[in-house]
Amino acid sequence: MIKPLKSHGPLTSTLWLNYVIEAIKGMGMDGLQIARDAGFDINLLANPDAAMPDELVYLLFHKAKQISGKSDLGLQAAKKFRPAAFGAMGYSMMTAPMLEDALVRTERYAGSITQACTTHLFKTQEGGRFEYTFQPPAMPDVDQTHEFLVLFTVNFLRWLVGFELNPIRVDFSHPRPENIQEHRRYFGCPLHFNADNTAILFSLEQLALPLITADIVMAAFHDRHAQERAMRFGSSPYVLQTRRLITQILPVAEPTRQRIATLLNLNERTLQRRLLEEGASFNDLLDEIRRS
């Protein structure tokens with residue numbers, strides 16, 4: 001049996017974590033209780049600026065799969081689609097002019113959601129390969145998590161273009177499931193398993209599709225907000241982790257610099273230096289969280 005993880009690895013936003021819990025709840029399970037059993041800090045979920053270890057997402061899907069007995073749990077959960085789940089990055093994607101521009105924005109702003117996954121759009125003469133790079137979690141069961149994210153992305157793009165868009169192929173790095181009938185139905189295209197990377201392939205014509213949500217006036221605003229969010233989150237790991245720990249400790253004790261440094265396996269001087277490198281100071285972060 002896989003136990004809850006104590007990880008110092010990459011973090012994922014509570015915005016996304018709450019959506020995953022909600023999607024599992026939409027399948028008739030107690031998503032919040034499963035999250036609690038997986039080791040989630042339930043109180044921290046109420047803070048949209050907080051984050052938790054990304055490995056908890058994998059553990060959440062693993063436990064939900066055990067309870068439901070569904071081998072295609074990730075696909076089923078991704079049907080509970082909600083555009084706002086991508087947060088600032090999602091709004092930036094919505095206001096882009098074409099599908100290609102929306103994909104490029106995930107490459108720029110994925111750090112506003114998670115530190116554990118990056119994306120890149122590779123252009124060729126045949127089309128575009130939208131590739132995911134996942135930091136490997138400390139557990140082997142990745143199928144449900146990856147299938148959930150890929151189908152969510154495809155459903156989001158379908159919503160942006162206003163019709164049932166089917167990629168020309170989807171690649172998964174995990175082994176082929178025993179039954180892929182539902183995979184074929186949901187993606188509507190050829191599937192390849194045991195691939196080098198998980199990726200979605202689009203034709204050049206699909207990349208040029210206009211978005212029904214495009215808004216040139218609001219695009220700059222949402223791009224700026226997504227950039228700021230990414231800088232505070234994915235590009236500033238010590239600022240983010242310090243914020244998280246201060247938020248956890250503040251209701252019950254004084255979150256001193258020494259205490260936070262110890263929890264991060266650093267000395268005080270090193271913590272302060274790394275925060276300064278990311279454009280912040282411990283006292284400023286503490287004051288900001290007190291005010292909020």
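Me: What makes Ile216, Val217, Met218 and Phe221 a nonpolar patch on the surface?

Reply: Happy to walk through that one, keeping in mind that this is a predicted model. Nonpolar side chains are joined into a patch when they lie within 5 Å and their residues have over 30% relative accessible area and no salt bridge. Ile216, Val217, Met218 and Phe221 form such a patch, with about 440 Å² of accessible area together. Phe221 has its place in helix H10, residues 216-232.

Me: How many aromatic pairs does the structure hold, and why is the pair of Trp16 and Phe148 called tilted?

Reply: There are 18 aromatic pairs. For Trp16 and Phe148, the ring centres are 5.8 Å apart, and the planes meet at 55 degrees. Pairing needs centres within 6.5 Å, and stacked means under 30 degrees while edge-to-face means over 60, so this pair is tilted. Trp16 lies in helix H1 (residues 14-25) and Phe148 in helix H7 (residues 143-161), so the pair ties together parts 132 residues apart in sequence. Both rings also belong to one aromatic cluster, whose members include Tyr19, Phe61 and Trp159.

Me: How do you know whether Trp16 is buried or exposed?

Reply: Buried means under 20% relative accessible area. Trp16 has 9%, so it is buried, and Phe148, at 1%, counts as buried too.

Me: What makes Arg185 lie over the face of Tyr186?

Reply: The cut-off is within 6 Å of the ring centre and within 35 degrees of the ring normal. Arg185 is at 4.6 Å from the ring centre of Tyr186 and lies over its face.

Conventions:
Residues numbered from 1 in each chain as written. Predicted model: local features only at pLDDT ≥ 70, side-chain atom pairs only at ≥ 80, totals over all residues. Heavy atoms only, no water. Patch = residues over 30% accessible without salt bridge, like charges linked within 9 Å, V, L, I, M, F, W, Y side chains within 5 Å. Areas by Shrake-Rupley, 256 points an atom, 1.4 Å probe, with all protein chains shown as cover. Salt bridge = Lys/Arg side-chain N within 4 Å of Asp/Glu carboxyl O. Helix = DSSP H or I, 4+ residues; strand = E, 2+ residues; numbered from the N terminus. Phe/Tyr/Trp six-rings, centres within 6.5 Å; stacked < 30°, edge-to-face > 60°. Buried < 20%, exposed > 50% of the residue type's maximum accessible area, 1.4 Å probe, protein only.
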